[in-house]
Amino acid sequence: RRGTKRPVAEEAATPEAKRPAACAAEDKSKEKVKVSPAVAAKIKFLREHGKAVGGASIRELAKADPKDALIVLTALGNKEQVEDVNRFVLLGLKRRAGSAAASVAAKPLDKDAIRTQVDYYFSEDNYPNDTFLKSKADENGWIRVADIVPFKKLQALGVKTVDHIVKAIQGSPFVVLNSDMQRIRRKQTVGHNNPRQQAAATRSAVAQQTAGSPPAKAPTGKAPIGKAPIGKSPGAKAPVGKAPVAKPAVTKSAASTASPAARVPKAKAGAVAPVGPGAGKPPQPRIDLEFDELALQGKLIAMNKQGIWPGPHPFDEATLTLCLKMGDPQRAMEILDEAEEEGTALENPASWVQNKVWSEARTRL
């Protein structure tokens, strides 16, 4: 009554003023976040066993990599007693993120290995048969670089981002990037740089020279390419009557009396490659190879999948090892091409290739 004002209105207004902030906090706690089914199942399991994970922990679990989230939740489940469940989860996720970043920073990328692997994906020995990669290409052959980042062999080399690939393939003779560095495709001249096509061109030139026909007439079929290796002696040196003599000379081991062409089958039969490690075992792909060697490896593995010969791997680990040790990937590729041309006529293709490689390159092995 003496003029003092009762602070009822002010006190009544205070809770009203604070209510929006309280409601916002309540709404944030009820906000739904999306986690992977495996993480959701793990959270449910922990709650049923008295370890309630919620609030900020669930939001951080949703942001984290599902593998890291499962590792942290599994560690929480293995703990018998935890004072603060949510603090344990948050600290665990922070440690996982820090260790992952440290490991990436500590290991420099091998750009040469990445470029070699990308070149192989787009090479003539892989790309034509890679239905997945071709399905990602547009009508002009462009493929998003982001589509090849998850490839396992690139991941094993430390590739995590598009930028890692873009920096590694600068100057590649086989692939090219578009203007915004987000798409990749084969160079138009890739076929001319391909070892297999080079080997085919070399065989064609040798066959033309052996047959004595001009290069322009070779594709017409008039040049008898098949006559060079049959065992007949050259027409200029051997009379007609000596042609039959060249055949029994192979079986009688009289290499000195046979013509150079007739001695080739005997050389293959006499030079038997020793049985090396990996005989009968599937070939193991290597990643630390030069491009020509990668192409050779891809050719051998692709031939195993063609079903020409019975068995899961007609060419075994020993065959791949011997071909790589030959020191001449292009010539080894030619020998594989010859085996492919022989087809089912070869009862043991691995032994045939090994003997031929050994007979030609045993001085270097």
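The legends below describe close-up views of a predicted model of one chain.

**View 1. Overview of the predicted chain.** The chain holds 16 helices and three strands. Of its 365 residues, 34% count as buried. Taking contacts between residues at least 6 apart in sequence, 64% join residues at least 24 apart.

**View 2. The second largest pocket and its lining.** This pocket has a volume of about 390 Å³. Its lining is made up of 17 residues, and Y120, N126, D130, I301 and K305 lie nearest the centre. By residue class, the lining divides into seven nonpolar, six polar and four charged. Helices α6 (111-121) and α13 (291-304) each supply at least two of the lining residues. The most comes from α13, with five residues.

**View 3. Helix α13, which lines the second largest pocket.** The helix has 14 residues and reaches 20 Å from its first C-alpha to its last, close to the 20 Å expected at 1.5 Å a residue. Ten of the 14 residues are buried, so α13 is largely enclosed by the rest of the structure. The buried residues are F291, L294, A295, L296, Q297, G298, K299, L300, M303 and N304. Besides lining the pocket, α13 supplies at least two residues of the largest nonpolar core.

**View 4. The largest nonpolar core.** This core has 48 residues, and those with the most contacts inside it are V118, F122, L154, I165, I184, F315 and V353. At least two core residues come from each of α6, α9 (162-168), β2 (175-177), α13, α14 (317-325), α15 (329-342) and α16 (349-361). In soluble globular proteins, nonpolar side chains tend to be buried together.

**View 5. Contacts around L154 in the largest core.** Leaving aside residues up to four places away in sequence, L154 touches I114, Q117, V118, Y121, I148, V149, V159 and I165. Two of these partners, V118 and I165, are listed with L154 among the residues with the most contacts inside the core.

**View 6. Q117 and Q155, two glutamines in helices.** Q117 lies in helix α6, and Q155 is placed in helix α8 (residues 152-156). With 4% relative accessibility, Q117 counts as buried, because buried means under 20%. Q155 has 30% relative accessibility and so counts as partly exposed.

View 7. In α15, 14 residues reach 20 Å from the first C-alpha to the last, close to the 20 Å expected at 1.5 Å a residue. The helix is mostly covered, with ten of its 14 residues buried. These buried residues are P329, R331, A332, M333, E334, I335, L336, D337, E338 and A339. Just after α15, G343 takes a positive phi of about 60°. α15 is also one of the elements that each supply at least two residues of the largest nonpolar core.

Key. Residues are numbered from 1 along each chain as its sequence is written. This is a predicted model: local features need pLDDT of at least 70, side-chain atom pairs count only at pLDDT 80 or more; totals for chains, interfaces and linings use all residues. Side-chain values use heavy atoms; hydrogens and water are left out. On a 1 Å grid over the protein atoms alone, a cavity is a set of points where a 1.4 Å probe fits but cannot get out, and a pocket is an open set with protein on both sides within 12 Å along at least five of seven lines; lining residues have an atom within 4 Å of a point. Grid points are joined across faces, edges and corners, and a volume is the space filled by probe spheres set on the points. Helices (H or I, at least four residues) and strands (E, at least two) are DSSP runs, numbered from the N terminus. Ala, Val, Leu, Ile, Met, Phe, Trp, Tyr, Cys and Pro count as nonpolar, Asp, Glu, Lys and Arg as charged, and the others, Gly among them, as polar. A nonpolar core is a set of buried Ala, Val, Leu, Ile, Met, Phe, Trp, Tyr and Cys residues joined through side-chain atoms within 4.5 Å. Buried means under 20% relative accessible area, exposed over 50%, partly exposed in between (1.4 Å probe, protein chains only). Contact means heavy atoms within 4.5 Å. The expected span of a helix is 1.5 Å times one less than its number of residues.
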